[in-house]
Amino acid sequence: MTTPPYHPPVKRSIEIAGHKTSISLEPVFWDMLKGAAAREGVPVNALVAQIDAERIVADTPPGLAGAIRVWLVHHGAARPRETEP
């Protein structure tokens, strides 16, 4: 059974550079994050650390959860769609 798309955020612990933090994301974004990490060939924590490093140098850094959502949408939209056989 899959989680319905309109589900409240779920809080999970992530470790970034040796520091634990909690991030609240809707399940659909957690699924997207796991898929993106698998495609990148890195653990979820490493991908979150990369996104965190990118957001910190932004002119107006968003919160980490927002940065993750934007990163996922940006990278999902930037990827060419796979064609079905």
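Visitor: Leaving aside its neighbours within four places in sequence, which residues is Asp 52 in contact with?
Guide: This is a predicted model, in which local features need pLDDT of at least 70, side-chain atom pairs count only at pLDDT 80 or more, and totals for chains, interfaces and linings use all residues. Residues are numbered from 1 along each chain as its sequence is written, and side-chain values use heavy atoms, with hydrogens and water left out. Asp 52 is found in helix H2, where helices (H or I, at least four residues) and strands (E, at least two) are DSSP runs numbered from the N terminus. Taking contact to mean heavy atoms within 4.5 Å, and setting aside neighbours within four places in sequence, the partners of Asp 52 are Ile 16 and Leu 64.

Visitor: Is Asp 52 buried or exposed?
Guide: The classes rest on relative accessible area with a 1.4 Å probe and protein chains only: under 20% is buried, over 50% exposed, and anything in between partly exposed. With a relative accessible area of 12%, Asp 52 is buried.

Visitor: Over how many bridges do E1 and E2 pair?
Guide: Two strands pair if DSSP finds at least two bridges between them. Within E2, Leu 25 is the bridge partner of Val 10, and Ser 24 is that of Lys 11. In the antiparallel sense, the pairing of E1 and E2 extends over 7 bridges.

Visitor: How far apart are the C-alpha atoms of Arg 12 and Ser 24?
Guide: Arg 12 lies in strand E1 and is partly exposed, with a relative accessible area of 33%. Leaving aside neighbours within four places in sequence, its contacts include Thr 21, Ser 22 and Ile 23, as well as Trp 30 and Lys 34. Arg 12 and Ser 24 are 12 residues apart along the chain, and the separation of their C-alpha atoms is 6.4 Å.

Visitor: What is the order of the elements from the N terminus on?
Guide: The protein chain holds 3 helices and 2 strands, and buried residues make up 25% of its 85 residues. Followed from the N terminus, the elements run β-β-α-α-α.

Visitor: Which residue has its charged end over the ring of Phe 29?
Guide: A charge sits over a ring if NZ of Lys or CZ of Arg is within 6 Å of the ring centre and within 35 degrees of the ring normal. The charged end over the ring of Phe 29, 5.7 Å from its centre, is that of Arg 69.
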